[in-house]
Amino acid sequence: MTIFVTGGAGFIGANFIFYMLAAYPGCRIVCLDKLTYAGDLSTLEPVMNDADFRFVKTDICDRETVYELFAEEKPDIVVNFAAESHVDRSIDEPELFLRTNLLGTQVLMDACRRYGIRRYHQVSTDEVYGDLPLDRPDLFFTEESPIRTSSPYSASKAGADLMVMAYHRTYGLPVTISRCSNNYGPCQFPEKLIPLMITNALADKPLPVYGEGLNVRDWLYVEDHCRAIDLIIHKGRAGEIYNVGGNNERRNIDVVKLICRELGKPESLITYVEDRKGHDLRYAVDTTKIRTELGWLPETDFEEGIGKTIRWYLDNRCWWEAVISSDHINKNTAGL
Ligand code: NAD
Ligand code: DAU
């Protein structure tokens, strides 16, 4: 069994590679990653010498190289994590998001059609459904909810989802899609809320909270997401979409205050800043389908997960200091 993992030098992809190599000894994993600012080879250092693992630096939009790799490795399964993933960056530079998230997905699926595949899995997001009002905690998005995106990021992910379903219907490609809520855990680039707050707090820097900090996100520990994807690629039905969520909704301000408490840092570090443009109010998904069909449930509660995450950032200061340095950003974008 050979699995292509695209975007595996990023946060969730790297955690998925660790999870799969541990869960399936003998399974070959080939990671395709462009190494943008968000991907770092040092993240994959624990598996670089594993005989079952191969890393290839490549852009998923590079059709020729992607086809060559498919011809050479003949993957059984492709799990596509590769994406521009940060909403704030999408507001500044939408075109890059369309290129990687939409056109890159198409190149991968064309390769799957050409060389044959058992399963193509698209790692999508709950953001494709848009947001819910703060005063209706009874509302949740199901897989049948309409696509109603807010940001260039979520629009690019929604476009990719539509293309994935089109390839299933038109060409019979055996696809699945997971739409997951906010992940947190080890190896997340410190631009997203939780790692940014942890690393800023450790450096006694201001903690920038958008607006009044009242927006709500549903947090899921990354390993639980990896387990959900494992179940979907092996037992999920082709042509189906599965919501994945933590059933763990928190206001941003409460998350930031919890991090301050856990680190013994004063709340005076919290700085309210201008709100994100088009800022989604609340995300919440109904996970009945994956629970009943595949028996998946989140296993890590938030207090345990945030504790493990903070411990990881305390123990891996070299990693995050290096990935946020401009040297790293220059190194990883040079020549691409
Ligand atoms: P990330 O930004 O940490 O990592 C993205 C990875 O993709 C990086 O290693 C980067 O180098 C690589 N990449 C970017 N463009 C590429 C290209 N053109 N070719 C090859 N590689 C490329 O992202 P993440 O948070 O790990 O998210 C992974 C996937 O999960 C994304 O598709 C994202 O939309 C989705 N998702 C993320 C979350 C979350 O909370 N982080 C939640 C739901 C879904
Ligand atoms: O819901 C899944 C999505 O979750 C994924 O598809 C995205 O890839 C991922 O980035 C994440 O999107 P969010 O926009 O929800 O995550 P982010 O960490 O950027 O922001 C979380 C919340 O915190 C959001 O309401 C904005 C707020 N925020 C964020 C940052 C970076 C702040 O208040 N201050 C900040 O500095």
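Predicted model: local features only at pLDDT ≥ 70, side-chain atom pairs only at ≥ 80, totals over all residues.
Which residues are the closest to ligand 1?

View 1. Ligand 1 is surrounded by 29 residues, and the closest are I12, D33, S85, Y153 and K157. By residue class, the shell divides into 12 nonpolar, 12 polar and five charged residues. Helices and strands that give two or more residues to this shell are α1 (11–23), β5 (119–125), α5 (152–171) and β7. Strand β5 provides the largest share, three residues.

**View 2. Polar atoms of the protein beside ligand 1.** A polar backbone atom of G10 lies 2.9 Å from an oxygen atom of ligand 1. The side chain of D59 places an N or O atom 2.9 Å from a nitrogen atom of the ligand. For K157, an N or O atom of the side chain is 2.7 Å from an oxygen atom of ligand 1. Ligand 1 taken alone exposes 840 Å², and the protein buries 96% of that.

**View 3. The aromatic pair Y184 and Y221.** The model has a count of 14 aromatic pairs. In this one the ring centres of Y184 and Y221 are 5.5 Å apart and the planes stand at 70°; because planes over 60 degrees apart count as edge-to-face, the pair is edge-to-face. Y184 belongs to strand β7 (residues 182–184) and Y221 to strand β9 (residues 216–221), so the contact ties together parts that are 37 residues apart in sequence. The cut-off for buried is under 20% relative accessible area. Y184, at 1% relative accessibility, therefore counts as buried, and so does Y221, at 6%.

**View 4. The aromatic pair W312 and W319.** These two rings are also arranged edge-to-face, with 5.1 Å from centre to centre and 75° between the planes. W312 has a relative accessibility of 18% and so counts as buried. W319 is buried as well, with a relative accessible area of 11%.

**View 5. A cluster of aromatic rings.** Ring pairs join F4, Y67, F70 and Y115 into a cluster.

**View 6. Arginines over aromatic rings.** R113 lies over the face of Y171, at 3.5 Å from the ring centre. In the second case, the charged end of R282 is placed over the ring of F140, at 5.3 Å from its centre.

How values were computed: Residues numbered from 1 in each chain as written. Chains lettered and ligands numbered in written order. Heavy atoms only, no water. Phe/Tyr/Trp six-rings, centres within 6.5 Å; stacked < 30°, edge-to-face > 60°. Helix = DSSP H or I, 4+ residues; strand = E, 2+ residues; numbered from the N terminus. Buried < 20%, exposed > 50% of the residue type's maximum accessible area, 1.4 Å probe, protein only. Lys NZ or Arg CZ within 6 Å of the ring centre and 35° of its normal. Near = heavy atom within 4 Å. Polar contact = N/O pair within 3.5 Å; in protein donor to acceptor, adjacent residues only side chain to side chain. Areas by Shrake-Rupley, 256 points an atom, 1.4 Å probe, with all protein chains shown as cover. Nonpolar A, V, L, I, M, F, W, Y, C, P; charged D, E, K, R; others polar.
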